[in-house]
Amino acid sequence: MAIVSLILVGLVAVEHIYILYLEMFAWTKPRTAKSFGLTPEFAQQTKSLAANQGLYNGFLAAGLIWGLVHHNRDFGLQIQLFFVCCVVVAAIYGGLTAKRSILLVQGGPAIIALVALLIHMFS
């Protein structure tokens, strides 16, 4: 289960790096605007807000990666647990307040990673 949880936590980190890219660097691109259901005008108006959100997603990814590479295995697992829980909470909040699909797109992989991580930690 150790390898499975590492892979799943890594995938959540990669997902958040991708979200960082979309929100910080590609927010006004037609494909990104379509993915988020934005008009070009609204995307332009909210560009700086999206970049701020992207930065926070980058911090989540950085925390997950920190936990994955930490030299102390047990402390690394605790770091992973903390940041995966942060992703789950952010996904729940985003799903309830912004767009319901966030629950599935961000929350789904994070919840699966959380379960795998807990099984690994307590087995």
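The largest pocket of this predicted model has a volume of about 1100 Å³. Its lining is made up of 35 residues, and those nearest the centre of the pocket are Glu23, Phe36, Gln53, Ile102 and Gln106. Five helices, namely α1 (2-25), α2 (30-36), α4, α5 (73-97) and α6 (101-121), each contribute at least two residues to this lining. The most is given by α4, which supplies seven residues. By residue class, the lining of the largest pocket consists of 21 nonpolar, nine polar and five charged residues.

Confidence in the prediction was examined for the protein and for its elements. The average pLDDT of the protein is 96, and 100% of the residues score at least 70. Among the elements, the highest mean pLDDT belongs to α4, at 98, and the lowest to α2, at 92. Both α2 and α4 are among the helices that line the largest pocket.

Aromatic contacts were considered next. A pair of aromatic rings is described by two quantities, the distance of the centres and the angle of the planes. Five aromatic pairs were counted in the model, with ring centres within 6.5 Å as the criterion. One of them joins Tyr56 and Phe59, whose ring centres are 6.1 Å apart and whose planes make an angle of 90°. This pair counts as edge-to-face because its angle of 90° is over the limit of 60 degrees. Tyr56 and Phe59 are three residues apart in helix α4 (residues 47-69), so about one helical turn separates them. Tyr56 has a relative accessible area of 52% and is therefore exposed, the cut-off being over 50%. Phe59, with a relative accessible area of 48%, is partly exposed. Another edge-to-face pair is formed by Phe82 and Phe83, with 5.0 Å from centre to centre and 90° between the planes. Phe83 is buried, because its relative accessible area of 16% falls under 20%.

Three further residues were examined for their surroundings. Gln80 is located in helix α5 and is buried, with a relative accessible area of 2%. Leaving aside residues up to four places away in sequence, Gln80 touches Leu6, Val9, Leu64, Gly67, Leu68 and Leu117. Its separation from Phe59 is 21 residues in sequence and 13 Å in space, taken from C-alpha to C-alpha.

Leu77 also lies in helix α5. The relative accessibility of Leu77 is 6%, so this residue counts as buried. With residues up to four places away in sequence again left out, Leu77 is in contact with Leu117, His120 and Met121. The C-alpha atom of Leu77 is 40 Å from that of Gln44, and the two residues are 33 positions apart along the chain.

Met121 is placed in helix α6. Its relative accessible area is 26%, and Met121 is accordingly partly exposed. Apart from residues up to four places away in sequence, the contacts of Met121 are with Leu77, Gln78 and Leu81. Along the chain, Met121 and Met1 are 120 residues apart, while their C-alpha atoms are separated by 9.2 Å.

Key: Residues are numbered from 1 along each chain as its sequence is written. This is a predicted model: local features need pLDDT of at least 70, side-chain atom pairs count only at pLDDT 80 or more; totals for chains, interfaces and linings use all residues. Side-chain values use heavy atoms; hydrogens and water are left out. Rings of Phe, Tyr and Trp (its six-membered ring) pair if their centres lie within 6.5 Å; planes under 30 degrees apart count as stacked, over 60 as edge-to-face and the rest as tilted. Helices (H or I, at least four residues) and strands (E, at least two) are DSSP runs, numbered from the N terminus. Buried means under 20% relative accessible area, exposed over 50%, partly exposed in between (1.4 Å probe, protein chains only). On a 1 Å grid over the protein atoms alone, a cavity is a set of points where a 1.4 Å probe fits but cannot get out, and a pocket is an open set with protein on both sides within 12 Å along at least five of seven lines; lining residues have an atom within 4 Å of a point. Grid points are joined across faces, edges and corners, and a volume is the space filled by probe spheres set on the points. Ala, Val, Leu, Ile, Met, Phe, Trp, Tyr, Cys and Pro count as nonpolar, Asp, Glu, Lys and Arg as charged, and the others, Gly among them, as polar. Contact means heavy atoms within 4.5 Å. pLDDT is the predictor's confidence in each residue, from 0 to 100.
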